[in-house]
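Thanks for coming, everyone. Let me put the structure on the screen and walk you through it.

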Amino acid sequence: MSTNSLFDPVGHESIADAVVAQIETMIVDGILKEGRKIPSERELAEALGVSRPKLREALQILENRGLVTVRHGEGTFIAPLTGRAMSPALLSLYARHGSAFYDYLEYRREQEAFASRLAAQRATQSDKERIAEIIDEMQRAWENDDQDASEEADFRLHAAVVDASQNTTLIHMMASIYDLTRQGVFYNRRFLRSMDGTGEALLEQHKAIAQAIIDGDPDRAETAARTHMDFVEDSFRVGQEQQAREIRAAKRRQFSD
């Protein structure tokens with residue numbers, strides 16, 4: 001999407017305020033997300049149909065409000081807005097208490113199901129096309145055994161579903177959760193996919209969620225999302241139990257020799 005099609009020209013009654021209002025709305029709607037670099041001053045002034053001095057005035061207002069940050073030599077970026085879902089101390093606590101991991105999955109199950117239901121009800125044609133494109137990427141990654149591409153598509157699909165929910169609070173809150181997941185704070189996605197048959201099953205589950213949203217079937221979308229998260233939880237329990245058995249077996253062998 002070009003810069004000119006992303007922004008709307010503004011009137012002249014209060015130019016700086018109009019620019020601020022438009023960018024603030026795009027932040028609230030999850031169009032401009034934290035960390036996103038906004039177009040250059042020249043591009044943005046042209047797209048909005050305003051002078052560069054008025055644009056600078058608007059950007060200064062946004063910076064004063066803590067909504068954008070200016071990095072000299074790099075450009076202007078949407079500021080961190082939601083913060084971390086958990087403090088470093090709490091993350092460390094989670095790491096030491098493995099049972100809390102399943103609380104995280106429980107939270108994810110409810111939020112993913114809610115997002116999928118809303119997406120099936122509210123997704124635009126553009127949302128559906130985006131979701132379909134990501135599913136195609138997932139399929140190619142699976143066929144090529146490309147773990148990196150598979151993981152990236154997985155993240156993008158879940159974010160696309162949440163975006164399609166059109167619920168701005170959900171969009172911003174889940175972005176923070178997905179950021180922690182991307183960093184591997186809660187679990188290692190490759191461990192999950194390394195289990196026999198799990199990778200293919202995950203692909204089919206993602207397809208089921210996507211197709212239900214594309215078909216506009218909220219009940220099926222919610223059920224597919226819950227089934228997916230239940231599978232993730234069950235697979236991790238099986239995997240962890242298998243690891244524990246292997247550790248015990250190795251210790252028994254060590255002391256029996």
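First, a term. Helices here are DSSP runs of H or I with at least four residues, strands are runs of E with at least two, and both are numbered from the N terminus. This is a predicted model, where local features need pLDDT of at least 70 and side-chain atom pairs count only at pLDDT 80 or more, while totals for chains, interfaces and linings use all residues. Residues are numbered from 1 along each chain as its sequence is written, and side-chain values use heavy atoms, with hydrogens and water left out.

Now the overview. The protein chain has 12 helices and two strands. In order from the N terminus, the elements read α-α-α-α-β-β-α-α-α-α-α-α-α-α. How much of the protein chain is buried? Of its 257 residues, 40% are. Buried means under 20% relative accessible area, exposed means over 50%, and partly exposed lies in between, using a 1.4 Å probe and protein chains only.

Next, contacts. A contact means heavy atoms within 4.5 Å. Take the contacts in the protein chain with a separation of 6 or more: 73% of them join residues 24 or more positions apart.

Here is one such place to look. Gly30 sits in the loop between helix 2 (15–28) and helix 3. Gly30 counts as buried because its relative accessibility is 9%. Which residues does Gly30 touch, once those up to four places away in sequence are set aside? They are Ile171 and His172. Gly30 and Ile171 are 141 residues apart in sequence, yet their C-alpha atoms are 6.5 Å apart in space.

Move along to a helix pair. Two packed helices are described by the angle between their axes and the distance between the axes. Axes are lines fitted to C-alpha atoms, for helices over the stretch in contact, and angles run from 0 to 180 degrees between N-to-C directions. Helix 3 (residues 41–48) packs on helix 4 (residues 52–64) at an angle of about 105°, and the axes are 9 Å apart. So helix 3 is roughly perpendicular to helix 4. The cut-offs: under 35 degrees is roughly parallel, over 145 roughly antiparallel, 65 to 115 roughly perpendicular, and the rest oblique.

Who meets whom? From helix 3 come Glu41, Arg42, Leu44, Ala45 and Leu48, and from helix 4 come Arg52, Leu55 and Arg56. Sorted by class, this contact of helix 3 with helix 4 has four nonpolar, no polar and four charged residues. For the classes, Ala, Val, Leu, Ile, Met, Phe, Trp, Tyr, Cys and Pro count as nonpolar, Asp, Glu, Lys and Arg as charged, and the others, Gly among them, as polar.

On to helix 6. Arg108 is in helix 6 (residues 100–122). Is Arg108 buried or exposed? Arg108 is buried, because its relative accessible area is 2%. Its side chain makes a polar contact with the side chain of Tyr104, at 2.8 Å. A polar contact is a pair of N or O atoms within 3.5 Å; within protein, one must be able to donate a hydrogen and the other to accept it, and residues adjacent in sequence count only if both atoms are side-chain atoms.

Ser116 is in helix 6 too. Ser116 is buried, with a relative accessible area of 2%. Beyond its neighbours within four places in sequence, Ser116 is in contact with Val161, Ile209, Ile213, Ala221, Glu222 and Ala225.

Last stop, helix 8. Start just before it. Asp145 lies in the loop between helix 7 (125–143) and helix 8. Asp145 is exposed, at 61% relative accessible area. Its phi is positive, near 55°, and Asp145 is not a glycine. At the start of helix 8, a side-chain oxygen of Asp146 comes within 3.3 Å of the backbone nitrogen of Asp148.

What span should the 18 residues of helix 8 (residues 147–164) have? At 1.5 Å a residue, 26 Å, and the end C-alpha atoms are 26 Å apart, which agrees. The expected span is 1.5 Å times one less than the number of residues. The buried residues of helix 8 include Phe155, Leu157 and Val161.

After helix 8 comes Gln166, with a positive phi near 65°. Gln166 is partly exposed, with a relative accessible area of 38%.
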